[in-house]
Amino acid sequence: MNDTKLNLILLAIALVAPTIFYPVFLAKILCFALFACAFNLLLGYAGLLSFGHAAFLGTGGYVTGYLMINTGLSPELAIILGMIAGGMLGAIFGKLAVKREGIYFAMVTLALAQLVFFFYLQAPFTNGEDGMQGVPRGAVFGLVDLTNNFAMYYFVLAIFILGYWLINRTVHSPFGQVLKAIRENEDRAISLGYEVNRYKWVAFIISAALASLAGSTKALVFNLASLTDVHWHMSGEVILMTLVGGVGTMLGPILGAGLVVTMQNYLSGGELGNYIHIIMGIVFVVCVLSFRSGIVGQFLKFKRNNF
Amino acid sequence: MTHAKQDYILETEQLTKSFKGFTAVSSVNLNIKRGHIHALIGPNGAGKTTVFNLLTKFLRPTSGTIRFNGEDITRLEPAAIARKGVIRSFQISAVFPHLTVLENVRIALQRKEGTSFHFWKHESVLNTLNQKAQELLKSVGLERFADTITVDLSYGRKRALEIATTLALEPELMLLDEPTQGMGHEDVGLVTDLIQQVSENRTILMVEHNLHVVSQLADRITVLQRGAILTEGDYATVSSDPEVREAYLGTSDENQDQHSSVEVAS
């Protein structure tokens with residue numbers, strides 16, 4: 001009941017926010033929030049640390065960007081196809097990675113993501129370092145023109161809510177129960193007869209598809225799909241967002257994404273622009289040292305102990 | 001011999017496991033009779049847990065065969081063995097610590113529901129299993145703790161929960177790896193009673209250090225030493241075997257009170 005109330009309040013804030021803040025900035029936060037939530041589904045609820053999620057964000061962006069530039073598809077279809085492409089890539093990644101555990105799992109995902117990075121660097125349709133520019137936003141269902149930033153924002157908000165709902169449902173589903181059991185004690189889950197690798201694989205595909213959904217949407221918001229989104233820095237950044245906000249909590253990655261994006265936006269514009277990575281690094285170190293379960297995780301703990 | 005075969009639920013033939021030149025288990029022929037509580041004992045490093053891991057495929061045998069109900073299961077995956085009805089426990093209590101006690105049991109019940117991949121359904125569809133889960137908790141005396149987060153349970157209760165979870169799968173053969181390890185006196189009694197109680201209509205193979213527990217429960221005992229079978233028989237036979245006493249005490253000198261001296265060694 002309490003959760004529903006909180007979600008409604010957050011929804012209300014999200015609805016009125018563009019009257020105060022720049023809608024494109026808010027849309028950017030939502031894209032990264034969805035990306036972080038998708039990542040958190042793996043790390044927080046299946047205990048799998050992927051170090052290659054940039055590949056999915058980037059793939060979503062490139063596929064959607066390519067379709068928008070070269071075909072007359074409407075944006076919602078281009079986004080869905082971007083998501084499917086990312087999900088399929090996730091199926092390949094996942095199949096190879098779930099056979100390994102812990103740090104080896106992370107290394108396999110990193111290696112595969114690097115492969116994808118160099119593919120996009122060389123492939124002619126991505127324009128390499130310049131990026132795929134001038135991605136048109138189009139009109140949703142041929143009706144709502146997304147060149148209007150407010151329309152774009154509400155479209156992104158709708159996609160975010162859909163993605164968030166799906167993640168929330170997955171976490172609180174019979175499948176989610178098995179995932180949590182695997183995270184808690186993998187050997188025991190095996191000894192109860194669960195073929196754990198198949199569950200990890202399905203979770204990986206869902207996570208990859210939703211990360212691609214975030215990337216597809218982001219390409220429309222910025223009229224751009226670029227190598228930044230496929231670079232391993234991005235895979236690291238999403239880990240940072242999730243850990244700072246609170247891994248294994250539903251709202252943590254959203255807050256983490258909001259903080260990181262806000263910091264990047266304000267710092268890169270000002271005099272401190274050159275120090276941005278140092279400042280982010282310090283924030284990360286302080287977060288990890290002082291509240292290991294992240295901001296939301298720490299808050300939930302405090303609430304549990306004091307109320 | 002051919003007639004007797006059907007009576008054995010689990011058989012191993014020349015079961016061997018080597019790790020880089022070190023043979024942890026060598027040519028073990030184990031025959032577990034249906035309906036028995038069979039105990040596997042031996043000093044530290046005798047290879048008991050390795051045998052366990054081989055039987056449940058958490059380790060791959062170097063050579064030899066394992067048969068369950070006459071069927072060769074040597075090459076099956078661990079989860080597949082579990083689906084055949086062989087469920088194991090672990091040396092350290094195998095629970096899901098941050099799920100509730102009820103959820104722990106429900107995870108086991110859930111497998112046969114066929115909804116385990118349904119990520120689009122709400123978990124409330126699992127509530128139909130709650131009653132069955134409660135009954136299982138009741139059978140091990142945990143019904144009051146259904147909503148407790150498992151990590152907060154005492155050690156003995158965690159082990160009881162583990163047994164309830166295992167029972168949820170209605171296993172034909174239960175493999176218990178040191179069920180009383182690390183327990184206080186009261187908990188040992190509790191778990192011993194529990195094993196006795198659940199052994200009806202089931203076969204249990206257990207690794208156990210506490211010879212008092214073994215003497216109370218086991219129909220048959222196999223003694224392992226340095227990866228090989230030293231001797232086999234009922235408690236009276238095994239405990240009076242001078243070789244067994246030497247293995248445990250490092251000496252074979254006479255001692256009238258065999259029972260207690262062996263227990264001290266454990």
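These are my notebook entries on the two chains of a predicted model.

**Entry: the contact between the chains**

I began where chain A and chain B meet. The contact draws 23 residues from chain A and 31 residues from chain B. I then asked which elements of chain A give two or more residues to this side. I found α6 (149–171), α7 (174–184), α8 (186–191) and α9 (196–222) of chain A. The largest share comes from α7(A), with eight residues. Sorted by class, the side of chain A that touches chain B holds nine nonpolar, eight polar and six charged residues.

**Entry: α3 and α5 of chain A**

Next I looked up a helix pair in chain A. Helix α3 spans residues 54–70 and helix α5 spans residues 102–122. Their axes come within 9 Å and cross at roughly 30°. Angles under 35 degrees count as roughly parallel, so I logged α3(A) as roughly parallel to α5(A). The crossing of α3(A) past α5(A) is left-handed.

I listed the residues that meet. From α3(A) I have A:Ala54, A:Ala55, A:Gly58, A:Thr59 and A:Tyr62. From α5(A) I have A:Leu112, A:Ala113, A:Val116 and A:Tyr120. How many of the residues in this contact are charged? I found no charged residues there, with seven nonpolar and two polar.

**Entry: α10 and α11 of chain A**

I moved on to helix α10 (residues 232–245) and helix α11 (residues 252–269) of chain A. Here the axes come within 7 Å and cross at roughly 120°. I noted a right-handed crossing for α10(A) past α11(A).

On the α10(A) side, I wrote down A:Glu237, A:Leu240, A:Met241, A:Thr242, A:Val244 and A:Gly245. On the α11(A) side, the residues are A:Gly252, A:Pro253, A:Ile254, A:Leu255, A:Gly256, A:Ala257, A:Leu259 and A:Val260.

**Entry: domains of chain B**

I turned to chain B and its domain assignment. Domain 1 covers 4–95 + 171–265, and domain 2 covers 96–152. I have 29 Å between the C-alpha centres of domain 1 and domain 2 of chain B.

**Entry: the six-stranded sheet of chain B**

In what order do the six strands of the open sheet in chain B run? I read the order as β7-β8-β9-β4-β10-β11, with mixed pairing. The edge strands are β7 (86–88) and β11 of chain B, and each pairs on one side only. On average, neighbouring strands of this sheet are turned by 15° against each other, direction ignored.

I then went through some of the pairings. Strand β4 (residues 37–41) and strand β10 (residues 220–225) of chain B run parallel and are joined by four bridges. B:Ala39 has B:Ile221 as its bridge partner in β10(B). B:Ile221 also has a bridge partner in β11(B), namely B:Gly233.

β10(B) pairs with strand β11 (residues 228–233) of chain B in the antiparallel sense, over five bridges. Within that pair, B:Leu224 stands opposite B:Ile229.

Last, I followed strand β1 (residues 8–19) of chain B. I took its pairings one by one.

- β1(B) runs antiparallel to strand β2 (residues 22–28) of chain B, with four bridges joining them. B:Leu15 stands opposite B:Val28 in β2(B).
- Strand β3 (residues 31–33) of chain B is joined to β1(B) by three bridges, again antiparallel. B:Leu10 stands opposite B:Ile32 in β3(B).
- With strand β5 (residues 63–68) of chain B, β1(B) has five bridges, and the two run antiparallel. B:Thr16 has B:Ser63 as its bridge partner in β5(B).

Which strand forms a hairpin with β1(B)? I found β2(B), with two residues between the strands. In the turn, B:Lys20 has a positive phi of about 40°.

How values were computed
Residues are numbered from 1 along each chain as its sequence is written. Chains are lettered from A and ligands numbered from 1 in the order in which they are written. This is a predicted model: local features need pLDDT of at least 70, side-chain atom pairs count only at pLDDT 80 or more; totals for chains, interfaces and linings use all residues. Two residues are in contact if their C-beta atoms, placed from the backbone, lie within 7 Å. Ala, Val, Leu, Ile, Met, Phe, Trp, Tyr, Cys and Pro count as nonpolar, Asp, Glu, Lys and Arg as charged, and the others, Gly among them, as polar. Axes are lines fitted to C-alpha atoms, for helices over the stretch in contact, and angles run from 0 to 180 degrees between N-to-C directions. Angles under 35 degrees count as roughly parallel, over 145 as roughly antiparallel, 65 to 115 as roughly perpendicular and the rest as oblique. A crossing is left-handed if the near helix is turned anticlockwise from the far one by less than a right angle, and right-handed if clockwise. Two strands pair if DSSP finds at least two bridges between them. Domain bounds come from an automatic or database domain assignment.
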